[in-house]
Amino acid sequence: MVCDLMAEGRIVSIFDKAVNILMPQGLLVSLVERRNQMTAMSVRCPAVFESLSSRRLRLRVGDTAYVKPDRLTIEGLRIDLVTARRFQGMVDPDMAFRFDSAKISVFDRVLSTLGRRDGLLELIGGRLSGNSFAQKGLAIRNRILGFPRSLMAETLAEFVGLGVGFTPSGDDLICGFLLGQKICSMSACRLKPHHRESLFSMLDEAEREIIWGSADRTSDGGRTLIWMALHDRFPRFLLDAAAGLARAEGTAAMARVVGAAVSRGHTSGTDALVGLLLYLQMFGQISRQ
């Protein structure tokens, strides 16, 4: 997906393990150091961060970056996109995602215990502690649960930009929710016929446009995350978490997977798992009817 954004951009932020480049489309291309940071809009290049740390390479906010089909260049730095380590962010169609009611219940308990509480964790427990973002998020969640499938996109769009941070909590939740929809749609063939085209049908193009139409309310990082999720591309840490949760047997194994995921960002990992859990709970309720 990086190669699809052929254009001139500029560096907007530099961190110890990530460099973010804003492209004219309003999306970020990121250079990252670690495997678990990867998305469909990132390039993993540990050597760049070794050079930045040793001061052999100097990059500055405002530096111009050029993205072409085969390379990305910044002030003399050239990264070969043909051989670079990239990640597509797509759900493995051969992966068996089995989430029965017992496993979803364990996931709920473990996430409630290990999740970080400054974001939208309170949405899964319903016990609010004065977090204004969680209060608004709980109202949105309740509308999603109560409204028909036809209004899901409009209601889900209310989460866009909710919260603070590089990727606001609401954006992380949307990403997890849409991943839940994607993996549950892969399991919908096991449902009764009258359920297959209801909650579990993927968002159509018009519904995706409704959510994307709210993207100007959020940050560059949030906009990029939502854009990827609307194209069925998800962060590596979240796909790894979903696969690990599907394989986990017992509370201890579940806790290891959840613990690793919630360490992502300040609350990004937690909020994404909240979105995933909300959809799985909806899936479990409908599939039992």
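## A buried aromatic pair

Tyr279 has a relative accessible area of 0% and is therefore buried. In this predicted model, Phe177 also counts as buried, because its relative accessibility is 2% and the cut-off for buried is under 20%.

A pair of aromatic rings is described by how far apart the centres are and by the angle between the planes. The count of aromatic pairs comes to one. The pair is made by Phe177 and Tyr279, with ring centres 4.9 Å apart and planes at 85 degrees, so the arrangement is edge-to-face; planes over 60 degrees apart fall in that class. Phe177 belongs to helix H5 (residues 169-185) and Tyr279 to helix H11 (residues 268-287), so the contact ties together parts that lie 102 residues apart in sequence.

## The sheet

Seven strands make up an open sheet with mixed pairing, in the order E4-E3-E2-E1-E5-E6-E7. The edges are taken by strand E4 (42-44) and strand E7 (77-80); each has a single partner strand, so one side of each is left without a neighbour in the sheet. From one strand to the next, the twist averages 25 degrees.

## Strands E6 and E7

Strands of a sheet pair through backbone hydrogen bonds, and the pairing is either parallel or antiparallel. Strand E6 (residues 71-74) and E7 run antiparallel and are joined by four bridges. Leu72 has Ile79 in E7 as its bridge partner.

Notes: Residues are numbered from 1 along each chain as its sequence is written. This is a predicted model: local features need pLDDT of at least 70, side-chain atom pairs count only at pLDDT 80 or more; totals for chains, interfaces and linings use all residues. Side-chain values use heavy atoms; hydrogens and water are left out. Two strands pair if DSSP finds at least two bridges between them. Helices (H or I, at least four residues) and strands (E, at least two) are DSSP runs, numbered from the N terminus. Axes are lines fitted to C-alpha atoms, for helices over the stretch in contact, and angles run from 0 to 180 degrees between N-to-C directions. Rings of Phe, Tyr and Trp (its six-membered ring) pair if their centres lie within 6.5 Å; planes under 30 degrees apart count as stacked, over 60 as edge-to-face and the rest as tilted. Buried means under 20% relative accessible area, exposed over 50%, partly exposed in between (1.4 Å probe, protein chains only).
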